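Take a walk through this structure with the model open beside you.

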Amino acid sequence: MFKVHVVAVTALFEFLLCGTAVAQTGDLRITSVSVQPSQAQSGQTVAVNFTVRNFGPGQGQMTFMEIFVNFVEEYSESGLWNFGGTGGTISFSRNVSVPVVPPGTFIAYEVEVNISDVGNFPVGNQESAFVTVAGPDLPDLTCFTPTGWSGPLVVSNVSGTTVSVPVIPAGNQIFIDAAWINQGGAMPGPGGIPIELRLNGGVLAGFPQPYAPLGAGEGAGFLDRPIGILSPGSYTLEMELDKGDLFVDESNNGNNTCSISFMIEDDNSFGPADCDQDGDVDLDDYSEFQTCHLGPAAGAQGCGCFDLDDSESVDLADFTEFMVLFTGSGIGACCDPGTLSCSATTETDCINGGGFFEGNGTVCDGGACPAEYSNTAASVLFFQPGAGVEVADDMNLSGNARDLILYQLDVAGLGGTAFDAAIQLHSGCPGDGGSPIPGTDTLVTGIPNDGFVRTITVSLPSPVTIPGTVWMGVTFNDSNAVWMIGEQSEIGSTVNEFGINQPPWICSAAFQGGDPYAGFVAGLQCVVDEQVAREVAFTKAVVAINPTGGSVWGEAASVMIEP
């Protein structure tokens, strides 16, 4: 610790208490000195507490005190403090400010007491106290269990619950809830918290995903995020906050991960709504459903398989649940993002093997992945074009098929009222001869502006033939709306440039962050035969689910906003 005499790196608080001019025979001495708090931030006000005692033999009197910080007077006070005879004691507490110094600096508070004794000013005893200057309070992110939750991670086959189901029958949709909290100091903006979810070590689709920064003591999370139907077996779900400890400067990086284990039990039974018991819920089941969908008054006689809410009738509520359970024909094209080779498998086996599932009923294109584009390598970077400014990115499809059925993109709002996004595919950069592709324009309204990343899925009512290279253009009506930046696409390719209409159009704008950031987070899904188009159009274009669980009937393209 540094004493008062080492002035270069310490801040001295010196108290000089001077006696009156009249002769005194007392002997005033400081018996204790303390500083509260003992660890303080630069510029913070601290209390210096000290006690003065008269050791006699006569009375002692004090009329003036001064406080010096690095030999500069910061505080002075006149008064009359009588100590009486031997043993007279007075305690003092005075507030002073900590100098602006680097964290880790020791500050020495030295108090001196002088007493007038027949014209002499003998120096009284000296006492010192020390304080360490601390840095600003850092955030401390950790998993958090809200009231009524079974843990920070909840796994269940029932939506709307916050209690985990440790053993889940096979054939059920799996829902997860997650919660976290900042138990330290406030996070500086505007960056977010990259959060990654892993299932048996594999990163779940859509992660890592940045979530909004948190103030001191603030928590966040999500409910009922579906992750699909899993094969029987044992699973461990992990959540890692501040993925890689690279983006949030925390006081403790050792409490950023939590996990939960559960089992999918093979009970050798068929799942709900699989009324033909062929292992999936597809158009054949839907055909039977139509004959049973007679409303609440008709009852459920002979149609108990489709009475999914046990209401003894087959009505709109059962149709909504049927749509959630709809899987299609169960087998589809699985694309290996590393080799672009394709094989037919189930969605679960494809995802568990690290592949990209093209959808139930899709087929491989001569052993290669079906034509499409996918850039899901999300980062925490984003581009903020401003209100009314169109920004566009090139997307080069792989394969040969060109019948587009849906496209996706990840957007977010930095705060404010809900915003809109006008989306249009072009044959090239709009500023370099590219023209709009008919049937691909969509206006998405009411996107929440709350700091969370949203995946916008636009499903077309019928396939639209597109060229091998398209440019996706987006125009926001809010200056706080952003398009998330990804890396190089894992399916298809993109040039490390994008276009923006400032105006005029610039088709060679550079990406923030440089390599490997090469494109915006987006995807294009194509089909290769009429049956697939019919099935996908059915599953995607009937109902659009919004984040609050409501539904909107679509007439043209349908829109889904996730999560």
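Across the whole structure, a search finds 5 salt bridges. The model is a predicted one. Side chains of opposite charge can pair when their charged atoms come close.

Start with E196. Its partner is R198, and the closest N and O atoms of this salt bridge are 2.7 Å apart. Is E196 buried or exposed? E196 counts as buried because its relative accessibility is 5%, and the cut-off for buried is under 20%. R198 counts as buried too, at 13% relative accessibility.

E238 is partly exposed, with a relative accessible area of 24%. Now step back from the single pairs. Which residues are linked in a network of salt bridges? They are E196, R198, E238 and E240.

Another salt bridge joins the side chains of D450 and R454. Here the N to O distance is 2.6 Å. D450 counts as partly exposed, because its relative accessibility is 33%. R454 is buried, with a relative accessible area of 7%.

Next, move to M395. This residue belongs to strand β25, which covers residues 390-396. At 0% relative accessibility, M395 counts as buried. What does M395 touch, leaving aside residues up to four places away in sequence? Its contacts are Y373, G468, T469, V470, M472, W483, S493, A522 and L524. Pick out S493 from that list. M395 and S493 are 98 residues apart in sequence. In space, their C-alpha atoms are 6.3 Å apart.

Now look at the backbone. Where is there a cis peptide bond? One joins Q502 and P503, with omega at about -25°. The peptide bond from P503 to P504 is cis as well, and its omega is near 0°. P503 is in the loop between β32 (498-501) and β33 (505-509). P504 has its place in the loop between β32 and β33 too.

A further stop is the loop between α1 (283-292) and α2 (316-325), where D310 is found. D310 is not a glycine, yet it has a positive phi of about 55°. D310 is exposed, because its relative accessible area is 69% and the cut-off for exposed is over 50%. E312 lies in the loop between α1 and α2 as well. E312 is not a glycine either, and its phi is positive, at about 60°. With a relative accessible area of 63%, E312 is exposed.

D310 and E312 also belong to a surface patch. What is the charge of this patch, negative or positive? The patch is negative, and it is formed by D309, D310, E312 and E321.

Note on methods: Residues numbered from 1 in each chain as written. Predicted model: local features only at pLDDT ≥ 70, side-chain atom pairs only at ≥ 80, totals over all residues. Heavy atoms only, no water. Patch = residues over 30% accessible without salt bridge, like charges linked within 9 Å, V, L, I, M, F, W, Y side chains within 5 Å. Areas by Shrake-Rupley, 256 points an atom, 1.4 Å probe, with all protein chains shown as cover. Salt bridge = Lys/Arg side-chain N within 4 Å of Asp/Glu carboxyl O. Lys, Arg positive; Asp, Glu negative; His and termini not counted. Charge placed at Lys NZ, Arg CZ, Asp CG, Glu CD. Helix = DSSP H or I, 4+ residues; strand = E, 2+ residues; numbered from the N terminus. Buried < 20%, exposed > 50% of the residue type's maximum accessible area, 1.4 Å probe, protein only. Contact = heavy atoms within 4.5 Å.
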